[in-house]
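Reader: Please take a close look at the place where the two chains meet. I would like to see that part described, and then how the rest of each chain is arranged behind it.

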Amino acid sequence: MSFINYSSREINCKIVYYGPGLCGKTTNLQYIYNKTNPEAKGKMISLATETERTLFFDFLPLSLGEIRGFKTRFHLYTVPGQVFYDASRKLILKGVDGVVYCGDSQLERMEANIESLENLGSNLQEQGYDLAKLPYVVQYNKRDLPNAMPLAELEEALNPTKVPSFEAVAPKGIGVFDTLKAVAKLVLTELRKGG
Amino acid sequence: MIQQLVMYEEELVQINAICEVLHRDANAKAVLVIDKNGQAFAQAGDTHELDVTSLSSLTAGNVAATGAIAQLLSEKEFAGQFHEGEKTNVHISIIGQRVIMVVLFDERSSLGLVRLRVRKATVELVNVLDLLMKKSASGSQPSVFSEITDDDIDNLFND
């Protein structure tokens, strides 16, 4: 749920990166953090286990510039991908304005991809959201791996509604900003509709 | 769908005033008011050295997790939390089921005093928030978004 502050002339929006464990959600945020000017970002927070698996969430506040005199600020969150952290994922989806579904291109992660996508849909529904009506994009990460599935097969399995989708290699930054820009644009466009 | 939170100048002035009074009367180091989704919108006291954005996001996460624990235990919510540190203590309370008030205080104050003053501030804050919600829902204020064009949005992303 976006927050519009007429007093400080700010628009704040929340984007959540969702996907199965080890698909690269945190890596997306780390790349964005590393490549963003210091004045446009806040501190990146990772609530992770000792083995650097996301425990609760990663958080990165980002300023994208001004629209008609209003500063646009995006709060990027990741969810913990591991199946047993479902209660935490539900909490992080609260108040979401846009979702990035991050899929793992590897054949052996296909089942985990599908399970995570279904989990996204049901968790959103529980919060009163409909994925079909939310600003939503798909990213296929790990495109550089030898066991990556063909794009067409991923699209068929993970993007039935044909929302904007992007191929990515998150550690190298390929597709990372394209994905972010696409979802941010959709969020702002949706806000305009509501406005 | 959940109602979008909109903050207007008039109400923000009132909320800031409530924070200032609470800061003074509770002998607090700082007072923050945060949306349940982790956006800070009012503050008073010694906040210039605080990372307010991070603090707000983590507090909201903490409150959300505690709320989920409450539900598991068939409680409506745990309305307050208190964290005791060596130098700084944190009092967190949920107000009107909508916003979170955070009071940071040290040895110059006490938990009892903070609780007492927070209770008073809560009543005032709930009134302002009720008005704000009504104003926001009525759509009586012009929206900043209605005039935004595709070009405005595209221009944000020009490298």
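Author: In this predicted model, 36 residues of chain A and 33 residues of chain B make up the contact between the chains. On the side of chain A that touches chain B, two or more residues each come from β1 (3–5), β2 (10–18), β4 (54–67), β5 (70–78), α2 (86–93) and α5 (176–194) of chain A. By residue type, this side of chain A divides into 16 nonpolar, 13 polar and 7 charged residues.

Strand pairing also links the two chains. β1(A) and strand β1 (residues 5–7) of chain B run parallel and are joined by 3 bridges. Within these strands, I4(A) has V6(B) of β1(B) opposite it. In general, strands of a sheet pair through backbone hydrogen bonds, in either the parallel or the antiparallel sense.

β2 of chain A, one of the elements that contribute to the contact, also holds Y18(A). Y18(A) counts as buried because 27 other C-beta atoms lie within 10 Å, where the cut-off is 20 or more. T78(A) is 60 residues away from Y18(A) along the chain, yet their C-alpha atoms are separated by 6.3 Å. Leaving aside residues up to four places away in sequence, Y18(A) touches V79(A), V99(A), V100(A), Y101(A), C102(A), S116(A) and L120(A).

Several of these partners lead on to the next part of chain A. Strand β6 of chain A covers residues 98–104, and helix α3 of chain A covers residues 110–126. β6(A) pairs with β7(A) in the parallel sense over 6 bridges, and G103(A) stands opposite Y140(A) of β7(A). Together, β6(A), α3 of chain A and β7(A) form a right-handed β-α-β unit.

On its other pairing, β7(A) is joined by 3 bridges to strand β8 (residues 165–167) of chain A, and these two strands run parallel. Here Q139(A) is opposite F166(A) in β8(A). The path from β7(A) to β8(A) goes through helix α4 (residues 151–158) of chain A, and this β-α-β crossover is right-handed.

How enclosed is strand β7 (residues 136–141) of chain A? Because 6 of its 6 residues are buried, β7 of chain A is largely enclosed by the rest of the structure. Both of its faces are covered: Y136(A), V138(A) and Y140(A) are buried on one side, and V137(A), Q139(A) and N141(A) on the other.

K142(A) lies in the loop between β7 and α4 of chain A. K142(A) has a positive phi of about 65°, although it is not a glycine. Most residues other than glycine have a negative phi. K142(A) is buried, with 22 other C-beta atoms within 10 Å. E52(A), in the loop between β3 (45–48) and β4 of chain A, also has a positive phi, near 60°, and is not a glycine. E52(A) is exposed, however, with 9 other C-beta atoms within 10 Å.

Chain A as a whole contains 5 helices and 8 strands. From the N terminus on, its elements follow the order β-β-α-β-β-β-α-β-α-β-α-β-α. Its C-alpha trace spans about 50 × 35 × 30 Å along the principal axes. The radius of gyration of chain A is 16 Å, which agrees with the value near 16 Å for a compact globule of 195 residues. Of those 195 residues, 50% are buried. Among contacts in chain A between residues at least 6 apart in sequence, 69% join residues at least 24 apart.

Chain B has an open sheet of 5 strands in the order β3-β2-β6-β5-β4, with antiparallel pairing. Its edge strands are β3 (40–45) and β4 (80–83) of chain B, each of which pairs on one side only. From one strand to the next, the twist averages 15°.

Helix α2 (residues 52–72) of chain B lies across β2 (30–35), β3, β4, β5 and β6 (99–105) of chain B, at about 65° to β2(B). Helix α3 (residues 111–138) of chain B packs on the sheet and touches β4, β5 and β6 of chain B, with its direction at about 30° to that of β5(B).

Notes
Residues are numbered from 1 along each chain as its sequence is written. Chains are lettered from A and ligands numbered from 1 in the order in which they are written. This is a predicted model: local features need pLDDT of at least 70, side-chain atom pairs count only at pLDDT 80 or more; totals for chains, interfaces and linings use all residues. Two strands pair if DSSP finds at least two bridges between them. Helices (H or I, at least four residues) and strands (E, at least two) are DSSP runs, numbered from the N terminus. Axes are lines fitted to C-alpha atoms, for helices over the stretch in contact, and angles run from 0 to 180 degrees between N-to-C directions. Two residues are in contact if their C-beta atoms, placed from the backbone, lie within 7 Å. The radius of gyration is taken over C-alpha atoms; the globule rule is 2.2 Å times the number of residues to the power 0.38. A residue is buried if 20 or more other C-beta atoms lie within 10 Å of its own, exposed if 12 or fewer, and partly exposed in between; C-beta atoms are placed from the backbone. Ala, Val, Leu, Ile, Met, Phe, Trp, Tyr, Cys and Pro count as nonpolar, Asp, Glu, Lys and Arg as charged, and the others, Gly among them, as polar. A crossover is right-handed if, with the strands pointing away from the viewer, the path from the first strand over the helix to the second runs clockwise.
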